[in-house]
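Here's a quick walk through this fold, written for someone who would rather look at the picture than read a table of angles. Keep the viewer open as you read.

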Amino acid sequence: MNIRTLRLSLALCLPIFASAADPAAAPEGHAGHTGHTGALLGLKQEMIAHLTEADFLKLGAEPNTVAITLVATLTDANHGMNFNGYSHGKAVYKVPVGWKVKVHFINPSPVPHSAIVVESYDVKKLQVQEPYFEGGAVEKHLQGIAYGSADFTFTPDEEGDFALACGFPSHALAGHWVTFQVVPADQRPSLKLGEDGEEKVLK
Ligand SMILES: [Cu+2]
């Protein structure tokens with residue numbers, strides 16, 4: 001790992017994230033979420049105002065497909081380096097092997113973020129060049145996207161522990177990832193939000 005590069009990229013992020021540290025200045029939260037301080041993070045609220053937790057994981061229109069909406073910086077948790085408000089793997093997606101996964105990535109913030117599916121231990125790397133499953137990343141995931149959205153689709157063909165991680169260098173190391181488990185084909189897709197959350201299974 002190149003520590004100098006890491007320090008530099010963290011230093012570039014800190015002035016923006018540091019301004020979000022004062023919870024007393026937080027405006028009203030996003031419906032259904034706590035700790036949402038979008039104004040301080042410079043979020044374009046219109047990009048996420050329509051979303052609810054039900055959008056985070058849905059069955060797709062076709063059989064054996066799921067649709068995931070992944071919002072970078074939905075809240076100020078982990079200095080904005082979260083997906084749907086969760087970081088450090090603390091939201092857990094489970095998808096059966098062989099199902100097609102359509103991801104709608106949204107970043108309403110001015111700080112570039114991205115999304116890429118990686119093996120779980122790869123979140124400790126400064127950067128990952130390629131997604132583990134073909135198609136499993138936004139384009140130019142190392143550059144990231146600010147104030148934008150992107151879609152990608154992949155079909156995991158192997159069970160195991162993976163992560164949906166931010167591909168912008170150093171962000172996954174800082175906790176910008178959620179857990180993505182590919183489970184046996186006879187299980188149903190599910191999502192658990194937070195360590196104390198209830199696992200919601202899609203019927
Ligand atoms: Cu990020």
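## Two sheets, strand by strand

Start in β8, where Gln 181 is the bridge partner of Lys 94. That pair belongs to a set of 5 bridges between strand β3 (residues 91-96) and strand β8 (residues 177-183), and these two strands run parallel. Bear in mind that this is a predicted model.

Now zoom out. The chain holds 2 helices and 10 strands. Of the 203 residues in the chain, 42% are buried. Take the contacts between residues at least 6 apart in sequence: 67% of them join residues at least 24 apart.

The β3 and β8 pair sits inside an open sheet of 6 strands, ordered β5-β7-β8-β3-β9-β10, with mixed pairing. At its edges are β5 (116-119) and β10 (199-201), each of which pairs on one side only. On average, neighbouring strands here are turned by 25° against each other, ignoring direction.

The other sheet is open too, with 4 strands in the order β1-β2-β4-β6 and, again, mixed pairing. Its edge strands, pairing on one side only, are β1 (57-59) and β6 (148-154). For neighbouring strands in this sheet the average turn is 15°, direction ignored. As a reminder, strands of a sheet pair through backbone hydrogen bonds, either parallel or antiparallel.

On one side, 3 bridges tie β1 to β2 (residues 65-71), and the two run antiparallel. Leu 59 is found opposite Val 66 in β2. These two strands make a hairpin with 5 residues between them, and Asn 64 in the turn has a positive phi of about 55°. β2 is also joined by 7 bridges to strand β4 (residues 100-107), this time running parallel. There, Ala 67 has Lys 102 in β4 as its bridge partner. How covered is β2? Mostly: 5 of its 7 residues are buried.

Most residues other than glycine have a negative phi.

| Residue | Phi | Loop |
|---|---|---|
| Tyr 147 | about 45° | between β5 and β6 |
| Ser 170 | about 85° | between β7 (160-165) and β8 |

Is Ser 170 buried or exposed? Ser 170 counts as buried because it has 21 C-beta neighbours inside 10 Å, and the cut-off for buried is 20 or more. Tyr 147 has 15 other C-beta atoms within 10 Å, so Tyr 147 is partly exposed.

One more loop residue is worth a click. Gly 85 lies between β2 and β3. Why is Gly 85 called buried? Because 25 other C-beta atoms lie within 10 Å of Gly 85.

Definitions and conventions
Residues numbered from 1 in each chain as written. Predicted model: local features only at pLDDT ≥ 70, side-chain atom pairs only at ≥ 80, totals over all residues. Pairing = 2+ DSSP bridges. Axes fitted to C-alpha atoms, helices over the stretch in contact; angles between N-to-C directions. Buried ≥ 20, exposed ≤ 12 C-beta atoms within 10 Å, placed from the backbone. Contact = placed C-beta atoms within 7 Å.
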